[in-house]
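Please read the numbered points below with the sequence and the model open beside you. They are meant as a colleague's note and take one part of the chain at a time.

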Amino acid sequence: MNALSLSRIGHAYFGRTVLDHIDLAVAPGEVVALVGPSGCGKSTLVHIAAGIVEPLRGTVAAGYRRHAMVFQEPRLLPWATARDNIAYPLRLAGIRARERKARAEAAASRVAFDAVDLDKYPAELSGGMRQRVAIARALAVDPDFIFFDEPFTALDAALKRRMQDLVIEAARSAHFAGLFVTHDLMEAVRVAHRIVVLDLAGRGIAGQRPLPGQPGTRVDGDVFAAVQAFLKQDPLFRHIHDVDERRVA
Ligand SMILES: Nc1ncnc2c1ncn2[C@@H]1O[C@H](COP(=O)(O)OP(=O)(O)OP(=O)(O)O)[C@@H](O)[C@H]1O
């Protein structure tokens, strides 16, 4: 059984079609990177897949037990400490205080968030630390599926890389599946087993490419070469640019 199956998903905003006939399946333990030109509907699709947005057409079949989501902004509660932010979904699930604390601390350590910072509030943390808290909050519920919506776009290159490594390692050790929206082909090639390319808005899936080897085992030279080959030689990537146009605007 698939971890996630999307069948004939269609969506429109104010009569303008953004997604049409999307069929996509994610296997247990598989991380699928979703790329495509700006505005093609990547976030809409991931929100539909996660059950946040109701699609106009089609069905979403979730084969996972428990999911979590990591957004571009960490979305932390400003009045709660890092520890309480990480434990928040556990609190909602009715888990007792002592276990919540232990699980929050274990999740923090998995993302290398320093224990001495657990009592700090979001305003006292750097952007990278806040995003670590958001990832730890996702891991704390022990999900077997995580939706990532451009989680590292706002981070600088070195930090982005460290965060990608955390996700790769967490996905490998906890064996969760994921749908990972990104603008960054290098990121897609580093973190995923497969890349799915959405076409311009309303045209559906343009195609997909499997990635050789396992995430975490690809050396930098191979990642770079794969991205260059996609951008220069593969017509599937003709609408993808290696620059995020929102940043240069
Ligand atoms: N809540 C909304 N109401 C109206 N239009 C929307 C809404 N959300 C998204 N859109 C429009 O739908 C289209 C797809 O948006 P979406 O954010 O899903 O694309 P995206 O591929 O994730 O874009 P980007 O790469 O720029 O983040 C865009 O034209 C966007 O303006």
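1. Is Met129 buried, partly exposed or exposed? Met129 is partly exposed, because 19 other C-beta atoms lie within 10 Å; by the rule used here, a residue is buried if 20 or more other C-beta atoms lie within 10 Å of its own, exposed if 12 or fewer, and partly exposed in between, with C-beta atoms placed from the backbone. Met129 belongs to helix α4 (residues 127-140), where helices (H or I, at least four residues) and strands (E, at least two) are DSSP runs, numbered from the N terminus. Setting aside its neighbours within four places in sequence, Met129 is in contact with Phe113 and Asp117, a contact being two residues whose C-beta atoms, placed from the backbone, lie within 7 Å.

2. The model is predicted, and local features need pLDDT of at least 70, side-chain atom pairs count only at pLDDT 80 or more, while totals for chains, interfaces and linings use all residues. Residues are numbered from 1 along each chain as its sequence is written.

3. Around the ligand stand Tyr13, Val18, Gly36, Ser38, Gly39, Cys40, Gly41, Lys42, Ser43, Thr44 and Ala201, a residue being counted if its C-beta atom, placed from the backbone, lies within 6 Å of the molecule. Helix α1 (residues 42-49) gives the most to this shell, with 3 residues. By type, the shell holds 4 nonpolar, 6 polar and 1 charged; here Ala, Val, Leu, Ile, Met, Phe, Trp, Tyr, Cys and Pro count as nonpolar, Asp, Glu, Lys and Arg as charged, and the others, Gly among them, as polar.

4. Helix α5 has 18 residues and reaches 25 Å from its first C-alpha to its last, close to the 26 Å expected at 1.5 Å a residue, where the expected span is 1.5 Å times one less than the number of residues. Its buried residues are Lys160, Met163, Gln164, Val167, Ala170 and Ala171. They lie on the same side of α5, because they cover an arc of only 130° around the axis, the arc being that of the directions from the helix axis to the C-beta atoms. These buried residues pack against β3 (31-35), α3 (97-110), α4, β7 and α6, whereas the face turned away from them carries the exposed residues Ala158 and Ser173.

5. In helix α7 (residues 220-233), the buried residues are Ala226, Val227 and Phe230. They cover an arc of only 95° around the axis, which puts them on the same side of α7. What covers them includes α6 (185-191), and the face turned away carries the exposed residues Asp220, Gly221, Gln228, Ala229, Lys232 and Gln233.

6. Backbone angles deserve a look at two places. Most residues other than glycine have a negative phi. Arg8, however, has a positive phi of about 50°; Arg8 is found in strand β1 (residues 4-13) and counts as partly exposed, with 13 C-beta neighbours inside 10 Å. His175 has a positive phi near 55°; His175 sits in the loop between α5 (157-174) and β7 (177-181) and counts as exposed, because it has 10 C-beta neighbours inside 10 Å.
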